[in-house]
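Hello,

Here is the structure for you to look through. My notes on it follow below.

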Amino acid sequence: MPAMFVATVLAVATLLASLVLLVSGNAMMGTIAALRLEIDGFDPGIIGIVLALTALGFVLGSFLGVRIVQRVGHIRAFAAFAAVAAAAALAHPLHVSVAAWAVLRFALGFCVAGLMLVTESWINGRATKQTRGTLLATYMVLFFLAASGGQFMVALGDPGEFPLFVVAGILIALSLVPISLTASTPPEMEQAEGLGLRALWQRSELGLVGAATSGVVLGAFGTIGPVYAYEMGLPIEEVAAFMGMAILAAMALQWPVGYLSDRLPRRLVIMLITGAAAAAAISTALFGHRSDLHLYIGVAVLYGLAACIYPLCLALTHDMLSKTQIVPASATMLLVNGIGAVAGPVAGGAAISFLGPAGLMYLLAGSLGVLIVLGLHSLVRETAPKVAEQSHCLGVAPVSTSAIVDLDPRQAP
């Protein structure tokens, strides 16, 4: 292992430890909240609306949280966000209702965004031109592993009871410990500036719509997926494995798909990946009920490939921009993706309500189909750079705040 890699990771080890605890607890909360509402007999359409407020809170927290950090500092802001997030997690089983959970889900999403904002900006502050790529790769691997680990922990108990909510709250609260003990100095917090939607649309329609589509698909499945699996007949422990395996598939496919997109026309790769993901969604809708094997494989392919759409579209957009525009463009695409992530659970829950469990898969296939049509249109309308001129595709997932875009080594030094 290169000495620079070890030194880079050790410099932010406490920050990464806080990240792992936070992401594990939050991922666990997402699944047990969805399952608890399903077990208590709420309509999937209502579940989708309630859980979509988490994404809405996250989007708003990603931007408004900057002011809080600037006002009180990184550690105090982190302590405040962690306290409210842990309290919101622990309060869930006290009173299960649409109104109460709407407030709790929004508060949790807002505070988790604030927590990640602090962590990511702090990690950015320790990055150099030489270590950006290493930190970004390490960050993404740990994020995926923590998210999948949180899913697997759901199998330890019954979402219909309170202990799992307590465990999730404890994990979120414990994220305070490593970051409170770090000896590194926090950086200055700056608001990420975005590139205008019209300007970004003119540069790359496919990239911008791809970011939104990714938000819809990943948001819908990541939030309503546990409801879908439960209604397909999987027991609680298998629902946890079902969601965890989907996230691991997403992590496993990031590098090979990115490698392929660096050697082929990027639009072609986006269309192939999107088409394959749509085919997996339709196949799962038609044959997922036949066996658990059909279900697991179909969803792993669907979610794994769909998770690659955002980094591919981000790389495609970067191909059309100057280096100085990369960071503001990334911030705008992350915002667009977040808006899609708010709409996804609402649409996904409604699809299950009207069409049954398979409705979620048809919704995802339809959303991906829109991206394919736009991809065909962009082949005629837009001039893409030659393969040799394409930027390197990084395994970046839309799972963070705008603070993480500064780790992108493609930006100007």
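**Salt bridges first**

The structure holds 2 salt bridges. A salt bridge here is a side-chain nitrogen of Lys or Arg within 4 Å of a carboxyl oxygen of Asp or Glu. Please note that this is a predicted model: local features need pLDDT of at least 70, side-chain atom pairs count only at pLDDT 80 or more, and totals for chains, interfaces and linings use all residues. Residues are numbered from 1 along each chain as its sequence is written, and side-chain values use heavy atoms, with hydrogens and water left out.

Arg36 is buried, at 10% relative accessible area. Asp40 is partly exposed, at 37%. (Buried means under 20% relative accessible area, exposed over 50%, partly exposed in between, with a 1.4 Å probe and protein chains only.)

The other bridge joins Arg266 to Asp262, with the closest N and O atoms 2.6 Å apart. Here Arg266 is buried, at 1%. Asp262 is buried too, at 16%.

**Helix α4**

Helices are DSSP runs of H or I with at least four residues, numbered from the N terminus. Helix α4 covers residues 74-91, 18 residues in total. From first C-alpha to last it reaches 25 Å, close to the 26 Å expected at 1.5 Å a residue. That expected span is 1.5 Å times one less than the number of residues.

Which residues of α4 are buried? They are His74, Ala77, Phe78, Phe81, Ala82, Ala85, Ala86, Ala88 and Ala89. Seen down the axis of α4, these buried residues fall within an arc of 160°, so they line one face of the helix. The arc is taken from the directions from the helix axis to the C-beta atoms. An α-helix has 3.6 residues a turn, so residues three or four places apart point the same way.

**The loop between α6 and α7**

Gly160 sits in this loop. Gly160 is partly exposed, at 23% relative accessible area. Gly160 and Ile39 are 121 residues apart in sequence, yet 6.8 Å apart in space, C-alpha to C-alpha. Phe162 lies in the loop between α6 (132-153) and α7 as well. Phe162 counts as exposed because its relative accessibility is 54%.

**Cysteines**

How many disulfides does a search of the whole structure find? The count is 0. The test is a pair of cysteine sulfur atoms within 2.5 Å. Cys111 is buried, at 6% relative accessible area. Cys313 is buried, at 0%.

Best wishes

Notes:
Helices (H or I, at least four residues) and strands (E, at least two) are DSSP runs, numbered from the N terminus.
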